[in-house]
Amino acid sequence: MFELLGVPPQALFGQVLLGLINGSFYAILSLGLAVIFGLLNIINFAHGAQYMMGAFVAWMCLNYLGINYWAALVVAPILVGATGIVIERLLLARIAKYDHLYGLLLTFGLALIIQGLFRNYYGSSGLPYGIPPQLTGGQNLGFMFLPTYRGWVVVASLIVCLATWFMIEKTKLGSYLRAATENPTLTQAFGINVPLLVTLTYGFGVALAAFAGVLAAPIYAVNPNMGADLIIVVFAVVVIGGMGSIMGAIVTGFSLGLIEGLTKVFYPEASSTVIFIIMVLVLLVKPAGLFGRAA
Amino acid sequence: MKLKTLLAATALGALMAAPALAQQISVKAGVLNDRSGIYADLSGEGSVIAARLAVEDFKAAEKGIKVEIVSADHQNKPDVGSTITRQWYDQDGVDLILDVPTSSVALAVSQITKDKNKILINSGAGTSDLTGKACSPNTIHWTYDTYALAQGTGGAMVKAGGDSWFFLTADYAFGHALERDTSAVVTKAGGKVLGAVRTPFPGTDFSSFLLQAQASKAKVIGLANAGGDLTNSVKQASEFGITQGGQKLAGLLTFASDVHALGLQAAQGLVLTESFYWDRDDGTRAWSERFAKLNGGKKPTMVQAGVYSGLLHYLKAVEAAKSKDSAVVMAKMKEMPTDDPLFGKGTIRVNGRKMHSMYLYEVKKPSESKGPWDYYKQLAVLSGEEAFQPLAETGCSLVK
């Protein structure tokens, strides 16, 4: 049989698909980061913690309130997004006028506090969260067994990513957002409530993270460190895509998932570093990122 | 650095006027483990609680021995662990270090302990090298090791017909040692090892590696990993229909806390080897009850039980030797038989290996379990001699 570097093509298709699935998480998370950075100029280091909160809220909904997965998919992003709004109003708004290093430090501190609290109450080994009954089982695609739930993750993430892109690039609300990013003072002079827009954007970015968290809950253990493990990779994705670029974040998210997936076949030991190697290469050639505009 | 130090267990000694002994011995024990990462639930604060219980049960204060316990988080990083160890020995007057899960950290701490002539009683780490080619006159390896896990779980799986293996190996000292020791058992019993994949530690998504294992058509997929890595691989193996497809999983190092995190639905049927299970007999149940009250209802793991047992034996040796000189106490510990309600009677070999029985368990089906933490049924008991590596084969320089 035809083989590529000792790997049969069937296995390769499987790995490409798995890469896309992981890429879905990178895409939603980096999208949230890109949206927040674009408008607020804040590097939201709490993003990983907010993703973890999404998964935990889904778990709490199920175990304390009997709310199932489908409802949690809506409830958790709203609840976690609301905490984001509180954080923006109480804390981030006060430091908006300073250098964005302060925002980074503040959100990093918040992330540590949130993770510590969850670890204190729930331990570090994680909590079980089952796959919703409608999505258990899987399809045999001939070259691999695709669990239905993983297929759903790719579809859900594509829909959310494209809807977000559409909203920001093609709607009136989106044009206000982009105007406020470009020149907040002038936009405000036209009678648009920029501070409100900023608060809602942060809430939305956080809600995206929480949505990814709910998606992740049934396949990865719901555990306080789940965000911390992922956030560094996601930052690399954003940097590669270009800070603040919406489409850049989506495309790089999926493609880096793919590259990482292939590395796991050809040289597994490097699979946790390959994204950073790419980051270095991209920064050397295009310092603003693949899709970013030079400042 | 989040070096958290907490002082405890000294209060009793200070309050009661120390009688009897002319000269009081004061001992400082450091519990060094993972307090925030993937091994925090199986060691962490629980090991500190276990150490305090040992001091309490030994009635140290009445015997004129003052014990102080400190603890720190090594974050599963050898450099962090080494820095703390040096600071403890050089500046803080720590006499012995307990626990130290994560083999790469344990090997580093063992080396420093030897250089500084202190004592390491390791409960948490797996690598059999600690009593093999990296053995030290200052280290005792208490609870389990990769060789015993391989004998227990590996041996049982091969006997049940699982004669071809593929490994998912955590890419650091522990995973490598576990893969090596299990491969030896499998080949010796006439089985074959078809391949292995080294996974970055710690990891989240194992599906890619699991598909490689599936493609190998091996009858058994050996999981040479632990903690969060293990729970994620077990969960995802069931998601990708690997276990339903007839391939068996061998969770070579599975702790009770992992089974708790997985839930019985996902964990049922796993065969595993442990040296301690809270529900084994009246002695373990009574102690675990006390432990759980102090640990938010969570039952102890074998690592935490090992910290208790190890510190208790150390204190007995200090009492008998009337000294805390490292060489004297180590000699005493190896000379005296060990005995406690958790591990029963045992001995310590010249290479530092603590000898006791290992137990082969199977995880219950949800229908068989009477409630939370009722997880295991016992399949077999391996005596210390059967479970642990014969002295002559260890390659330890202390064996003559």
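Two residues are in contact if their C-beta atoms, placed from the backbone, lie within 7 Å. This is a predicted model: local features need pLDDT of at least 70, side-chain atom pairs count only at pLDDT 80 or more, and totals for chains, interfaces and linings use all residues. Residues are numbered from 1 along each chain as its sequence is written, and chains are lettered from A, ligands numbered from 1, in the order in which they are written.

**View 1. The five-stranded sheet of chain B.** The strand order is β2-β1-β3-β4-β5 (chain B), in an open sheet with parallel pairing. Helices (H or I, at least four residues) and strands (E, at least two) are DSSP runs, numbered from the N terminus. Two strands pair if DSSP finds at least two bridges between them. β2 (65–73) and β5 of chain B are the edges; each has a single partner strand, so one side of each lacks a neighbour in the sheet. Neighbouring strands are turned by 20 degrees against each other on average, direction ignored. Nine bridges link β1(B) and β2(B) in the parallel sense. K28(B) stands opposite E68(B) in β2(B).

View 2. α12(B) lies across β1, β2, β3, β4 and β5 of chain B, at about 155 degrees to β3(B). Axes are lines fitted to C-alpha atoms, for helices over the stretch in contact, and angles run from 0 to 180 degrees between N-to-C directions.

**View 3. Helix α4 of chain B.** The 13 residues of α4(B) should span 18 Å at 1.5 Å a residue, and the end C-alpha atoms are 18 Å apart, which agrees. The expected span is 1.5 Å times one less than the number of residues. Buried residues of α4(B) include V105(B), L107(B), V109(B) and I112(B). A residue is buried if 20 or more other C-beta atoms lie within 10 Å of its own, exposed if 12 or fewer, and partly exposed in between. Among the elements that cover the buried residues are β1 (25–33), α3 (78–90) and α6 (173–188) of chain B. N117(B) follows α4(B) and has a positive phi, near 50 degrees.

**View 4. The three-stranded sheet of chain B.** Here the order is β10-β14-β15 (chain B), again an open sheet, with antiparallel pairing. β10 (271–274) and β15 (376–382) of chain B are the edge strands, each pairing on one side only. Neighbouring strands are turned by 30 degrees against each other on average, direction ignored. Four bridges join β10(B) to the antiparallel strand β14 (residues 358–363) of chain B. V271(B) stands opposite E362(B) in β14(B). Helix α5 (residues 146–159) of chain B packs on the sheet and touches β10, β14 and β15 of chain B; its direction makes about 155 degrees with that of β10(B).

**View 5. Domain 1 against domain 2 in chain B.** Domain 1 covers 11–144 + 280–356 and domain 2 covers 148–278 + 358–387 of chain B. These bounds come from an automatic or database domain assignment. The domain centres, taken over C-alpha atoms, are 28 Å apart. In chain B, 29 residues of domain 1 are in contact with 24 residues of domain 2. α4 (103–115), α11 (282–294) and α12 (302–321) of chain B each supply at least two residues of the domain 1 side.

**View 6. Chain B against chain A.** The contact takes 32 residues from chain B and 29 residues from chain A. α8(B) gives the most to the chain B side, with six residues.
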